[in-house]
Structures are given as C-alpha cells and as structure tokens.
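Hi,

Here is the structure I promised to pass on.

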Amino acid sequence: MRRFGRPLERIQCFRSVSYIGGLFNFKIVPTEMFPYPRRRVDGEEAENLQSVLESIRTNNNILGNLYGARIATEYGGLGLGHTAHALVCEELGNNCLDKLLATIRHSGVCTQLLASTGANDIKGKYLTSMSDGTIRMGWAIEEDGFGTDLSMNSTQAVMHDDGSYTLTGQKRCDAAASATHFLVLAKTLTQKSSEDGATVATRSSLFICEKEAPGLKIEGDSIVLENTPVADVVGVMGEGFKDAMIALFTEEYLYAVSLLGTMKRLVEELQSTNTGGGVAEMLPSFACAIYAMESSLYALTANMDVPREDSLLECTLVNAFVQATTAQCLHRLELLKSPNPTIDNYFRHAKKILSLMEPQDFLYATAVCCGVEDYGLFFQQASTLQMMQARAIRFMGVHDRVPIKNIAEASRIDEAVVKFGEAVEATFVKNGSQVPYQQLLLNRLGEAASLLYAASAVASRASMCATKGLPSAKLEGKLATAFIQFSVERALSLSEECCNIGKTADTVYRRIALEVCEAALQ
C-alpha cells in the first residue's frame, strides 16, 4: 500500500518543533495554538480580497482575479496571503463553481513552486504572465500507474550538446486542455557529491514545456511527450522531487477550504429543506464537524502567514482530517437524504473536490513517517536512564498541559497527547525501519494526530471567544466541548490499538495471510 517510495528525511523542512511535531514526542507546543492564531487582513490586501470575493459572488471577471491571487504585486498579482486566499477558495466551494477548480492548481501549487524555487528571470518571465491568465500553468507531475508516488517517475529528460533538454513520457494533468504551459517532473542524469567525490545519478528535476511545443499531445487529462523541447528549467537540477512534494503539501489546504465552503452550503440547504427526521437528527453533528474543520484550517493558514518555522506536518494532517471528516458526513447523508437537485449538486461538487485531493492514506503515511522518525532520533540519542526517568515522570502525572481553563473537556487533550506519544514510541520500538510499510498503523497514528490538532484548535478558538465575551461564545463552547469529547475518545482508542501489539486486528490479518499462504504452498 505504499504511495511513496523515497525516504522522507529528504524533505528536510519537515524537521521542527511545530504543534503536531511536538505531539510525536509527548509535547504540547503552545506557541502555534494558544491563544488561537489569527491573521488580520487589512490595507491593500483587504481591498484585493474584497474585490475577488465580489467578483465570485457576481460572476464578473472571476478568472482575471483568481489567476494572480497569490502572485506578488511586483509581478502584477494581488499578493494575497494564505488566509486571504483560503477565504477566496472557500467562496469558490460555497458557490459550487466547477469550472474554477482548475485555477486552484495554477494559483496554488504552481505559483508556490515557481515563487519559492524559480530563479529571478524565471519568476519575471512566468509569474508576470500567470497573474492575468496569459499563461495558465498545468501541474504535470504525477503518472498513471504509480498513484501519488512522485519518486516513481518514468519520464526522461535528455540533455543535448547545446545544453537544451527534451522530454519523453506521459503525465497526468487535470484540465490539461485549458493550460498553455506545463510544469513537468522528469528524470535526468545529475552529478551528486559524495565522500568518494562526484558521482553521476539519475534524479528528478522540474521543467516547463509549452502547449504548442513539438511532440506534446493532450489526451484527456494527460499529456504525452515525445522528444518535446523544454522551455525552461525550474529550480536546482536533481531537486525536483523535494520541491514538488513541499509545494504539493503546502498548497493542498486550498482544496480543503473549498470543501469546507461546499459543506457549509450543503448544511445550510439541508436546514432549510424538509429532509426528514433522520437527516435532521444528524445536522448538529455536521455543524460540530464543520466548526472543527474551520477552526483547524484557519489556525493553519494564520501560522503559514507568519510564517512559522515549519507547517508541513500541520498542512498534511489538517487536509487529511478535512478529507476524512467530509467523506464520513457525505456517506452518512447519502444513506438518508431524499432526491433533491440542489442538494445533489452540492454532493457532486464535494465529491469532485475530494477526487482532486491527495489520497488520505498518502497524507497520513507521509506525516506519520516523519513524526515517528523524529521521535526515533530522540530515542536513539537518549540513554536508558533518561528514558526510564521520562516514563516515571509521566506515570506520576507530570506532563505538558493545554493552557485552557474555560472550556469543558479541554484538559482531556493532555491525557490523549500522552497516550498518543506512547503509541508513537511503541510503533518505533516494534517496527523500526519497517514503519513505512505498516499502513494500518500509519493510518491510526495519522488520524489520532489530526484529531488532537483539531481538538486543540476548537478549544483555543472557543476559549478566545469566551475570554472576549463574544455573542457566539456560548454556542462555540458547546460545539467545542462536543467535538473535544468525541476526538479525544477516538484518539485514545486509536492510540490504544497501536500500543496493544499482538491484540489488534493487524496480528489477526497477518496470521490469516500466513495460513492462506501455507495452504496454497501445500
């Protein structure tokens, strides 16, 4: 079930003591979450944001505003931050505008990658034209047959005597027909320094190809390259895999907030429609889930705007949380709802967004492998005495605590963090280097970590409202209490399953598989 084939220590900026990073080592790092992180949008950015939102609501020159939403003003864009761009994408989801989903790749991951890794001449050449839609960049990174494993990249880049490159291979690209250029990941020979000197290795690099380039054909949502000349190289040769993964995780939240907007509109429609008793009984739990998704997403974007040292773990697991929560809500509703064209349209749009997001298993596995590996480095460096002292201190009830007193059930997050840390330790001790191949364990730890982050976000947000005496404080307190209770119980259960090695379904499945294999061999 692997969906990535390369050790994730290569993505160096996962390393930090971020809020979720701390959870993997029994820590509650308050800086990023308490008090609830907020980003004020003001000045020119506020005016640009209002302009984009109005264009979406009135269906007036939408594309012209969306293309350059995140591009810096020096390149002709609107220069919106992560929080402002999230509000734009939430409005897109709220209005169920399918045709505009393709702009998320252009204004999100493609813009992020060029802005963060491109040389100044590349930024000037492409970002300026991308800001008004003259250039529409397609994301041609993944390939059919390999899922989301970007390291399994078979497209080849060949360097010629004049220093130019040509590409041969096939790439998936959503809405390829509407793009004018494509960001392509391809393998080429590069030099790599080692203890024995420079060595030659085949590594992935990023290239830009024009739609009208010789040898490039569009086949549905794929492009075929046959000795297609490259227009430009993006970033450092051989670093394409790392650059693409970082951009992918950083900008995935845009789909999540679009999903949030669609779910808000769906719940509003269900509340105003006579949907029957079964659906009506579920609406409070849906409102609670939406509150948790909103709290998590905007805590994430506020921290990304600061920016903090590292938000990639948070980006990965918050997106997985939103995806999993939405899928569960849709599944429950689908069994009970009556046929309704408007509601059916929201369902279809939500499922469309889910299909564009990275698979949930992939997000869980990526984040958990990094978190467990970070804990493993600490575990290997600590002495036996230090580990025994740490366990004894935790046994006596001395551990990090959530700094919130005015929200019921918030103190239970402390208990769940300790239990989650024990699950991480058990997973590392038992599996060691085999952790990346334990998908069931990765899913459990990933879900538990994402629930703990969401529980902390709703507790912090509700506490802020209570402290400020806002009119919504009472309602938000109830929503937060209900979600914390659910998420903590679920996280404790998942952590317990990871700790009880030998008593979980994993062992049963393994034994059955062995028996089947033995029977087949006999």
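What follows is about the aromatic rings.

A word on the basis: this is a predicted model, where local features need pLDDT of at least 70, side-chain atom pairs count only at pLDDT 80 or more, and totals for chains, interfaces and linings use all residues. Residues are numbered from 1 along each chain as its sequence is written, and side-chain values use heavy atoms, with hydrogens and water left out.

The structure has twelve aromatic pairs. Rings of Phe, Tyr and Trp (its six-membered ring) pair if their centres lie within 6.5 Å; planes under 30 degrees apart are stacked, over 60 edge-to-face, and the rest tilted.

One of the pairs is Phe-249 with Phe-362: the ring centres are 5.7 Å apart and the planes at 25 degrees, so this pair is stacked. Phe-249 belongs to helix H7 (residues 240-251) and Phe-362 to helix H12 (residues 360-381), so the pair ties together parts 113 residues apart in sequence. (Helices, H or I, are DSSP runs of at least four residues, numbered from the N terminus.) Phe-249 is buried, at 1% relative accessible area, and Phe-362 is buried at 0%. Buried means under 20%, with a 1.4 Å probe and protein chains only.

Then there is Phe-321 with Phe-483, with centres 5.9 Å apart and planes at 75 degrees, so that pair is edge-to-face. Both of these residues, Phe-321 and Phe-483, are buried.

Finally, Phe-26, Tyr-375, Phe-378, Phe-379 and Phe-428 make up one aromatic cluster.

Cheers

Key
Helix = DSSP H or I, 4+ residues; strand = E, 2+ residues; numbered from the N terminus. Buried < 20%, exposed > 50% of the residue type's maximum accessible area, 1.4 Å probe, protein only.
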